[in-house]
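Me: Could you take a close look at the aromatic rings in this one? I'd like to know what sits next to them and where they are in the chain.

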Amino acid sequence: MSADSEAPRIDSTTESPTAMRRLLPADMVDRQRCPFDPPPGLERRRGDGSVQPLPLLNGAQAWLVTGFEEARAVLADSRFSSDRVRHRDATRMQPHEVAERAAAAERGEVQTGESGAAQAVESRSDGMFIFMDPPEHTRLRRLLTGQFTVRRMRALESRVTEIAAEHIAAMQAAGTEADLVPAYALPLPSLMICELLGVDYADRAEFQEHTATSLNVNTSDEERARAGAELYTFIQRLVADKRATPTDDLLSGLIHDADPPLTDAQLVDIALVLLGAGHETTANMLGLGTFALLESPDQLAALRANPDLIDNTVEELLRYLSIIQLGVTRVATENVTLGGVDIPAGATVVLGTPEANRDPQQWSEPDRLDLHRPRAPHLAFGHGVHQCLGQQLARIEMRIGLSELFTRLPRLRLAVPAEEVALRNDMLIFGVHSLPVTWT
């Protein structure tokens, strides 16, 4: 669950989560050759420097960061902004905007939101904290951190086990084949988000239906927009209910513990961020992680022989798969030298996380899945003030989800050839659209 990394807002006004993907050559994001390795366009850039120019198809130039230390430096440096209101991100510009800015720059005109110059911008009143800088980000982040308590995470751990067992039992009751994505990988984090936000059991079917449609790339834009609007209305109702009748959940805590109080709009935004970050990322890690283990029989055999390897397995899969592709961006608010390269004020920096998590300066044989690899920091949950605040829950879901799956279905295997598994090459959050499996 990457609750403070780049998750798209899920409502009818959101730009498509594939927007930045369309600004890049296909080989920079498509993993057709191998579903577990970085896209070939990224791999070909190895040896070209840890910080390198990245031309975008809208005519803008961004900077691609592939070095692990350089990527960590960007995420920890306040001169690289997350604020998409005050600073224009080149990956969100139309070609005419790029051309207009280039012409203005030639005339020596300063572009609003393009540098660190002081601007008369009103204080933000939304709750999209992942796209904020301190101090606005700091306040909301602190409130949320206070809700992710050890006690609450331990309580959720037992529910993860129950939910995993229930869904595996349902798969077994239905026969010896299933599509693991809708049958297991998606509902597990979805139901955990319900637990976290305090969604009543009777309302969970409606919640899951809206969520699934909003996040399903195979539905039309109109269907996703409609489902997004209905989800927004659902969460508005949920906020109203928690104001009137608080329970022991995260949303109630945010409503009744914040001083000064959060507005309904802020609370809905926060809930949507948590939903998008905690649902889709973990679901895709469970699906793709299972696929990777099934395609690495020696590593899977090691895990089955020694279940205590599960924590290492989770960390290695997070590093090895890096499902957040080229979706983490920052804007330089002043001139910065990074990895020996001068980044001008106003420039957009794009983190190539799949490459940064395979930096040979950081790991030996980085392209190999190795469950015995000594644990080391990776960037799957980001770094710095925006590091994923839900990472503890994400690890719990992956650890229990994978353990229960391979323990209860010891002869689990793919039901189709690996090359027929449908990959999420059309999304910034990588994974599998479906994963047909069978067991005996």
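Reply: Let's start with charges over rings: NZ of Lys or CZ of Arg has to be within 6 Å of the ring centre and within 35 degrees of the ring normal. Arg-319 passes that test with Trp-363, lying over the ring face at 5.5 Å from the centre. Arg-31 does likewise with Phe-430, its charged end sitting 4.3 Å from the centre of that ring.

Before going on, a word on the ground rules: this is a predicted model, where local features need pLDDT of at least 70, side-chain atom pairs count only at pLDDT 80 or more, and totals for chains, interfaces and linings use all residues. Residues are numbered from 1 along each chain as its sequence is written, and side-chain values use heavy atoms, with hydrogens and water left out.

Now for ring against ring. Rings of Phe, Tyr and Trp (its six-membered ring) pair when their centres lie within 6.5 Å, and planes under 30 degrees apart are stacked, over 60 edge-to-face, the rest tilted. That rule gives 3 aromatic pairs here.

One of them is Phe-36 with Phe-291, an edge-to-face pair at 5.0 Å centre to centre and 70 degrees between the planes. Phe-36 belongs to the segment before helix H1 (40-44) and Phe-291 to helix H11 (residues 264-294), so the pair ties together parts 255 residues apart in sequence. (Helices, H or I with at least four residues, and strands, E with at least two, are DSSP runs numbered from the N terminus.) Phe-36 is buried at 8% relative accessible area, and Phe-291 is buried too, at 1%; buried is under 20%, exposed over 50% and partly exposed in between, with a 1.4 Å probe and protein chains only.

Next come Phe-207 and Phe-234, whose ring centres are 5.5 Å apart with planes at 50 degrees, so this pair counts as tilted. It links Phe-207 in helix H8 (residues 204-215) to Phe-234 in helix H9 (residues 221-244), 27 residues apart. Phe-207 is buried at 0% relative accessibility, as is Phe-234 at 4%.

Back at Phe-291, there's a neighbour that deserves a look. Leaving aside residues within four places in sequence, Val-432 is in contact (heavy atoms within 4.5 Å) with Phe-291, along with Val-181, Asn-284, Gly-287, Leu-288, Val-421, Ala-422, Leu-423 and Arg-424. Val-432 sits in the loop between strand E9 (413-414) and strand E10 (436-438), and Val-432 is buried, at 4% relative accessible area.
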